[in-house]
Amino acid sequence: MLKAVILIGGPQKGTRFRPLSFEVPKPLFPVAGVPMIQHHIEACAQVPGMQEILLIGFYQPDEALTQFLEAAQQEFNLPVRYLQEFAPLGTGGGLYHFRDQILAGAPEAFFVLNADVCSDFPLSAMLDAHRRQRHPFLLLGTTANRTQSLNYGCIVENPQTHEVLHYVEKPSTFISDIINCGIYLFSPEALKPLRDVFQRNQQDGQLEGSPGSWPGAGTIRLEQDVFSALAGQGQIYVHLTDGIWSQIKSAGSALYASRLYLGRYQITHPERLARHTPGGPRIRGNVYIHPTAKVAPSAVLGPNVSIGKGVTIGEGVRLRESIVLHGATLQEHTCVLHSIVGWGSTVGRWARVEGTPNDPNPNDPRARMDSESLFKDGKLLPAITILGCRVRIPAEVLILNSIVLPHKELSRSFTNQIIL
């Protein structure tokens with residue numbers, strides 16, 4: 001019997017995802033046509049013996065999250081429950097706090113997945129590796145180039161046994177080109193080191209003079225408090241993958257993740273991909289169109305386009321490398337490139353909305369998304385264009401490399417600006 005835990009964080013996280021995270025919790029943001037964490041749940045549900053999926057985070061259980069959980073349970077015929085932390089507890093604190101819920105029913109092992117990663121989730125391969133050689137911790141790893149590896153948790157392994165000999169989270173100098181994917185398989189015994197960290201935190205708090213149980217004792221960082229401490233002690237192993245993987249920390253990385261998932265649909269969900277039909281829009285590459293969307297036959301869509309529920313696409317529209325969210329309208333002959341158009345937004349006739357992609361170097365097979373910073377020397381760096389919820393773009397204007405906050409009605413063109 002197996003379980004899975006998805007760590008979804010909370011509203012204090014995902015600030016680089018704004019203004020998109022103003023409208024829905026980041027884990028529910030649509031990537032390739034479905035909520036971000038639905039990709040995780042689909043992968044977990046396909047593992048034989050999976051009995052329950054738990055979401056742990058600090059979000060208030062609002063209507064959107066409740067509806068998603070109900071729909072997921074019906075679609076996958078599995079219990080999918082949300083466990084709300086009393087405070088932000090880090091990547092390991094929630095696991096320890098809800099240990100009784102995780103261990104209920106005596107699972108053989110449980111997967112732990114960070115919500116903000118895009119992957120093909122080789123969970124069955126990880127389970128096979130775990131059963132061949134059982135240890136408390138199994139980490140999924142992939143490779144990055146020397147420069148970009150500094151942005152991730154770096155793993156030094158024994159190449160014969162795959163034991164993790166050394167682990168450093170975001171090192172200042174090069175350690176290894178093997179990086180942590182944020183996807184794990186833990187034995188029940190893995191919770192014992194978390195208990196040790198909790199007890200040590202309590203003792204440290206008492207030494208600092210905090211009366212009773214120190215509130216910060218529950219905050220546990222898996223990477224620094226557990227992996228770094230236990231590396232080289234025969235408890236942590238790594239399973240390497242050469243499949244798709246990327247973090248989803250910003251809007252730009254969500255657009256890149258959408259491309260990866262749409263490409264993956266060719267194998268996993270070909271029914272989700274639009275096909276060119278007589279009298280329909282011209283489809284180039286991988287495109288997702290929600291069944292309720294209305295798309296004019298003269299529109300040209302793709303590659304890497306995701307069109308949400310109730311969207312209207314007018315005649316002559318050109319749409320490429322973009323996500324168009326629920327209820328948006330692109331009027332006749334608009335051009336939208338490398339952009340995200342927010343919920344209920346309208347782009348006027350002959351307007352152009354364009355951003356600058358920040359994709360990994362296609363000539364480097366180990367290249368990853370760069371850690372994106374919005375500003376340099378006080379100036380907004382070129383990036384994808386984001387239109388927040390219910391933005392109005394007038395006809396015949398250009399919006400280039402800009403971020404437009406929700407409920408704005410523009411009257412002219414903008415380039416490289418944040419429009420408040």
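The following legends describe close-up views of a predicted model.

Residues are numbered from 1 along each chain as its sequence is written. In this predicted model, local features require pLDDT of at least 70 and side-chain atom pairs count only at pLDDT 80 or more, while totals for chains, interfaces and linings use all residues, and side-chain values rest on heavy atoms, with hydrogens and water left out.

**View 1. Helices H1 and H2 pack with roughly parallel axes.**
Helices (H or I, at least four residues) and strands (E, at least two) are DSSP runs, numbered from the N terminus. Two packed helices are described by the angle between their axes and the distance between the axes. The axes of H1 (residues 36–45) and H2 (residues 63–76) come within 11 Å and cross at roughly 30°; axes are lines fitted to C-alpha atoms, for helices over the stretch in contact, and angles run from 0 to 180 degrees between N-to-C directions. The two helices therefore count as roughly parallel (angles under 35 degrees; over 145 is roughly antiparallel, 65 to 115 roughly perpendicular and the rest oblique). H1 passes H2 in a right-handed crossing, a term for a near helix turned clockwise from the far one by less than a right angle, anticlockwise being left-handed. Ile37, Gln38, Ile41, Glu42 and Ala45 of H1 meet Phe68, Ala72, Glu75 and Phe76 of H2, where contact means heavy atoms within 4.5 Å. Nine of the ten residues of H1 are buried, so the rest of the structure largely encloses this helix; buried means under 20% relative accessible area, exposed over 50%, and partly exposed in between (1.4 Å probe, protein chains only). The buried residues of H1 include Met36, His39, His40 and Cys44.

**View 2. Phe29 and Trp343 form an edge-to-face pair.**
Rings of Phe, Tyr and Trp (its six-membered ring) pair if their centres lie within 6.5 Å; planes under 30 degrees apart count as stacked, over 60 as edge-to-face and the rest as tilted. By this rule there are nine aromatic pairs. In the pair shown, the ring centres of Phe29 and Trp343 are 6.1 Å apart and the planes stand at 85°, so the arrangement is edge-to-face. Phe29 belongs to the loop between strands E1 (2–9) and E2 (30–31), and Trp343 to the loop between strands E22 (335–341) and E23 (346–347), so the pair ties together parts that are 314 residues apart in sequence. Phe29 is buried at 0% relative accessibility, and Trp343 is buried at 14%.

**View 3. Phe137 and Phe227 join strand E8 to helix H7.**
Here too the ring centres are 6.1 Å apart, and with planes at 80° the pair of Phe137 and Phe227 is edge-to-face. Phe137 lies in E8 (residues 137–143) and Phe227 in H7, so the pair ties together parts that are 90 residues apart in sequence. Both Phe137 and Phe227 are buried. Just after H7, Gly232 takes a positive phi of about 85°.

**View 4. Glu163 is buried in a loop.**
Glu163 is found between strands E9 (153–157) and E10 (164–169), and at 12% relative accessibility this residue counts as buried. Glu163 and Gly234 are 71 residues apart in sequence, with their C-alpha atoms 6.6 Å apart in space. Not counting residues up to four places away in sequence, Glu163 touches Val156, Glu157, Asn158, Gly232, Gln233, Gly234, Ile236 and Tyr237.

**View 5. His130 lies in helix H5.**
H5 spans residues 123–132, and His130 counts as buried at 3% relative accessibility. Apart from neighbours within four places in sequence, His130 is in contact with Glu108, Ala109, His135, Leu138, Leu185 and Ser187.

**View 6. Leu7 lies in strand E1.**
Leu7 is buried, at 11% relative accessibility. The C-alpha atoms of Leu7 and Asp116 are separated by 8.7 Å, although these residues are 109 residues apart along the chain. Beyond neighbours within four places in sequence, the contacts of Leu7 are Ile56, Thr91, Leu95, Val112, Leu113, Asn114 and Ala115.
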